[in-house]
Structures are given as C-alpha cells and as structure tokens.
Amino acid sequence: LATRVPIVGGNWKCNPKSAAELPELIANINSCDTSGCEVYVCPSPLHVALVQGKLTNGAVVAPQNCNFTGCGAYTGEMAVEQMKSMGISWVLIGHSERRGEFGLPTPAESSALLATKCKHAYENGFKVIYAIGEPLPVREKGISAVVAHCVEQLKPFKEMTLLDPDKIVLAYEPVWSIGTGITASPKQAQETHAAIRAWLAKEVGKDTADRMRIQYGGSANAKNAPELSACPDVDGFLVGGASLKAEFKDIVSAVA
Ligand code: PEP
C-alpha cells in the first residue's frame, strides 16, 4: 500500500481585515509540527507577498487562485508566473467560493476552465490543490449522485492527463459543510473519498489512486479532526475558519 504524506492547508479567504493581524497568524503557522505532515497556507491575494518568505517550518504559501494564461491585460487576476518570481510553487484552484456555488453571478469557474488553469500552472512547475465537492441538493440525492458530481469535476482533469499525484492534491469539500459548522460525518467523508479513489483506480490507474492525496474540507476543527483523520482515505484537511485560530496547529498535529 502506498504511503501518502498527509497535507493540511489553511485557507484564510478574505481575512484578516488588517495586515497588522498577520504576524500572529504567521506565528500560528510556524508553530505547526510539520515533521509528519505538509502544510500550506492560502493568504488573501493582498497579503500573499506579506506572508511569503515568513514561514520558517517548511509550510508553503499557496495563493487562492490563478489565471490560465499568464501575465498581460487581465485586470484583477494573479498569474503563476508572478507567483513563481516570488518563490511560490503551489496554488489552490476550484474552491467552491470561486466556482460560484454560493450564488455569484455567472460566469463561474467551470471544471473545464480549472483544468486549463491547472495545465498552465504545471507548465510553470507548480503543484496544485484542486477543490471539488457537491452542493446540498446533490448530497440529498445520495452517495451515487455525490460521486457523479465529483467525477464530473474530475473528468476534464483526466482528459487533459492532469491527475498526477506528484503534482496535484484533491480537496473534497462538500459545499454544504463549508463555513456552516456542519461537518461531514467520518462515514460520509470516508465513503466519498473511497469512491473518488475507486474512480481514479478505474479511470487513471491503481498507482495513481493509491498515491493521490485527498484532503477533506468543511468545518474541520481541532475537535473533529482526529476522527476524520483516522479514516483510511482522508489524507489531511483544507481548513477555512479554524485556520484563523490557534487550533489550526492542533488540526495539523491530529493528522501527523
Ligand atoms: C474552506 O474554505 O475550504 C473551508 C473548508 O472552510 P471552513 O473550514 O470554514 O468550512
């Protein structure tokens, strides 16, 4: 059986309000025990440059988004070429808040667009965290609908041969659990992660499936992390709200 090094990410989203709060958040990341676990942090775009270079324990900065073409006339965008010049080599794409699943006006980011972002990031030597997951109405239809939804999000990545476990980490984040305080039960998380892994084995290959890291995301915290982390197919967490709190380091400790 392949050993998968667990990986925990902190997504600060559009926080904190003031850059004056960054030193405390950075100190919290630097206090994480990274001996048995990879750690990344996703600062808000305005704060990326203030965090990059300040991490002392092997944790890395992974911006919350990138574009798919590089530098040029793309107002408001962030290019991996710019990140690379700052020494950054990881990026998060596909978060449901970017896909528009919380009611942003169209055009939202489609999985096909996200695959082009991933390809462009790879071409620049980046590693990618790719977030997937179903909204509540899909979860209510049952596990088959959930898996079908996630598979649709993975298909463009498969078609463009992007599902390389050395370059991509999947973050399964059920939309109904993000920022809601409602965590998927360990049974729900395990069942979904195992189904995604089974799809990878069938469609891409057993080695890929065995080595692909699949994080869980959705109201993860220090209290629920140990039980979720004990699930054989859960390889760490993508943490939103709790990554702004001291307990983030306890979540890292729970998986290491
Ligand atoms: C996230 O934003 O990826 C997330 C999982 O948020 P939260 O932990 O706050 O639910």
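Trainee: At what angle do helix α5 and helix α7 pack?
Mentor: This is a predicted model, in which local features need pLDDT of at least 70, side-chain atom pairs count only at pLDDT 80 or more, and totals for chains, interfaces and linings use all residues. Residues are numbered from 1 along each chain as its sequence is written. Helix α5 comprises residues 111–123 and helix α7 residues 143–159 (helices are DSSP runs of H or I with at least four residues, strands runs of E with at least two, numbered from the N terminus). Their axes (lines fitted to C-alpha atoms, for helices over the stretch in contact, with angles from 0 to 180 degrees between N-to-C directions) are 8 Å apart, and the packing angle is about 40 degrees.

Trainee: Are α5 and α7 parallel or oblique to each other?
Mentor: Angles under 35 degrees count as roughly parallel, over 145 as roughly antiparallel, 65 to 115 as roughly perpendicular and the rest as oblique. With an angle of about 40 degrees, α5 and α7 are therefore oblique.

Trainee: Which residues of α7 does α5 meet?
Mentor: The contact (C-beta atoms, placed from the backbone, within 7 Å) involves S111, A112, A115 and C118 on the α5 side. By class, it has 5 nonpolar, 2 polar and 1 charged residues (Ala, Val, Leu, Ile, Met, Phe, Trp, Tyr, Cys and Pro are nonpolar, Asp, Glu, Lys and Arg charged, the others, Gly among them, polar).

Trainee: At what angle do α7 and helix α8 cross?
Mentor: Residues 186–203 form α8, and the axes of α7 and α8 come within 10 Å. These two helices are therefore oblique to each other, and the angle at which they cross is roughly 45 degrees.

Trainee: How many charged residues are in the contact of α7 with α8?
Mentor: Among the α7 residues in this contact are V146, C150 and K158, which face α8 residues including E191, W199 and E203. The contact has 8 nonpolar and 1 polar residues, and its charged residues number 3.

Trainee: Which residues come nearest to the ligand?
Mentor: There are 14 residues around the ligand (near means a C-beta atom, placed from the backbone, within 6 Å). This shell has 5 nonpolar, 8 polar and 1 charged residues, and those that come nearest are I178, G217, S219, G240 and G241.

Terms used
Two residues are in contact if their C-beta atoms, placed from the backbone, lie within 7 Å.
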